[in-house]
Amino acid sequence: MILLVESRIRGDVYVRFGGELPKTHRSNTAGRWMLSLPLKSVNNLVKDARKVQQTILMVGDITDIYVNSFQRMLRDGNFRPEELSAIAFGYTKLLEESNEVLTELRNVVNITTLSMTDKERMDVVERCHSKMKRYRNLVSYYTNKNISVSYLRAKKKNDLDRIMGLYGNMNERYW
């Protein structure tokens, strides 16, 4: 069974979903037959477009977590220079891996990649979104663990106020 749905957008421009409909641009022009997109495919493509957007935004989240947290760690006296170097190396690895996911996503979204079906593209978008979410959570976890090391060291030195001020008090603590 084919469902015919027509949505008027603006003026004489129409978007049609489902079945075969004559294509007309204005009421005084001749129509010609064309296949329109199934509604389910359009919904899936819109969902995937949102996931592509969310995936790209997660890269920004990862970068923000890294930049803001590492700047604070540089001002934290509880880390030695070699520890800060190791922390930066860990962040760099996580950023490189998330960049690989972004590259994979860009290759799939690129219009010139014609060898994939829509379902294959949607599956890759879903996989990239899941991976990027995992990396964002991993960067948050990594940051929290590093901050907790500083917290424990500050507690031994009886210097919790300075650390709480650096990383946030109870109401504004992001970690």
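Which residues in helix 2 are buried? Here is a friendly walk through the structure, point by point, with that one taken up in point 3.

1. **What you are looking at.** This is a predicted model, in which local features need pLDDT of at least 70 and side-chain atom pairs count only at pLDDT 80 or more, while totals for chains, interfaces and linings use all residues. Residues are numbered from 1 along each chain as its sequence is written, and side-chain values use heavy atoms, with hydrogens and water left out.

2. **The overall plan.** The protein chain has four helices and four strands; helices (H or I, at least four residues) and strands (E, at least two) are DSSP runs, numbered from the N terminus. Of the 175 residues in the protein chain, 29% are buried. Buried means under 20% relative accessible area, exposed means over 50%, and partly exposed lies in between (1.4 Å probe, protein chains only). The accessible surface of the protein chain comes to about 12,200 Å², and 55% of that belongs to carbon and sulfur atoms; these areas come from the Shrake-Rupley method with a 1.4 Å probe, and for residues only the protein chains shown count as cover.

3. **Helix 2, and the opening question.** Helix 2 covers residues 81-109 and has 29 residues. From its first C-alpha to its last it reaches 41 Å, close to the 42 Å expected at 1.5 Å a residue; the expected span is 1.5 Å times one less than the number of residues. Its buried residues are Glu 83, Leu 84, Ile 87, Ala 88, Gly 90, Tyr 91, Leu 94, Ser 98, Val 101, Leu 105 and Val 108. As you look at the spacing of these names, keep one rule in mind: an α-helix has 3.6 residues a turn, so residues three or four places apart point the same way.

4. **The nonpolar core.** The largest nonpolar core has 27 residues, and those with the most contacts inside it are Phe 70, Met 73, Phe 79, Ile 87, Tyr 91, Met 132 and Tyr 167. Helix 1 (39-75), helix 2, helix 3 and helix 4 (160-167) each supply at least two residues of this core. A nonpolar core here is a set of buried Ala, Val, Leu, Ile, Met, Phe, Trp, Tyr and Cys residues joined through side-chain atoms within 4.5 Å. Take Phe 70: leaving aside its neighbours within four places in sequence, it is in contact (heavy atoms within 4.5 Å) with Ile 65, Leu 84, Ile 87, Ala 88 and Tyr 91.

5. Tyr 142 lies in helix 3 (residues 118-157). It counts as partly exposed because its relative accessibility is 23%. Beyond its neighbours within four places in sequence, Tyr 142 is in contact with Ala 86, Ile 87, Gly 90, Tyr 91 and Leu 94. Tyr 142 and Tyr 66 are 76 residues apart in sequence, with their C-alpha atoms 9.8 Å apart in space. Across the protein chain, residues 24 or more positions apart account for 52% of the contacts with a separation of 6 or more.

6. Side chains of opposite charge can pair when their charged atoms come close. A salt bridge is a side-chain nitrogen of Lys or Arg within 4 Å of a carboxyl oxygen of Asp or Glu, and by this rule the count is 11. In one of them, Glu 96 pairs with Lys 93, the closest N and O atoms being 3.7 Å apart. These two are three residues apart in helix 2, so about one helical turn separates them. In another, Lys 119 and Asp 123 meet at 2.9 Å, N to O. They are four residues apart in helix 3, which again means about one helical turn.

7. **A salt-bridge network.** Salt bridges that share partners join Arg 80, Glu 82, Glu 83 and Arg 153 into one network. Within it, the side chains of Glu 82 and Arg 80 meet at 2.9 Å, N to O. Arg 153 is found in helix 3 and, at 26% relative accessibility, counts as partly exposed. Leaving aside neighbours within four places in sequence, Arg 153 is in contact with Asn 78, Phe 79, Arg 80 and Glu 83.
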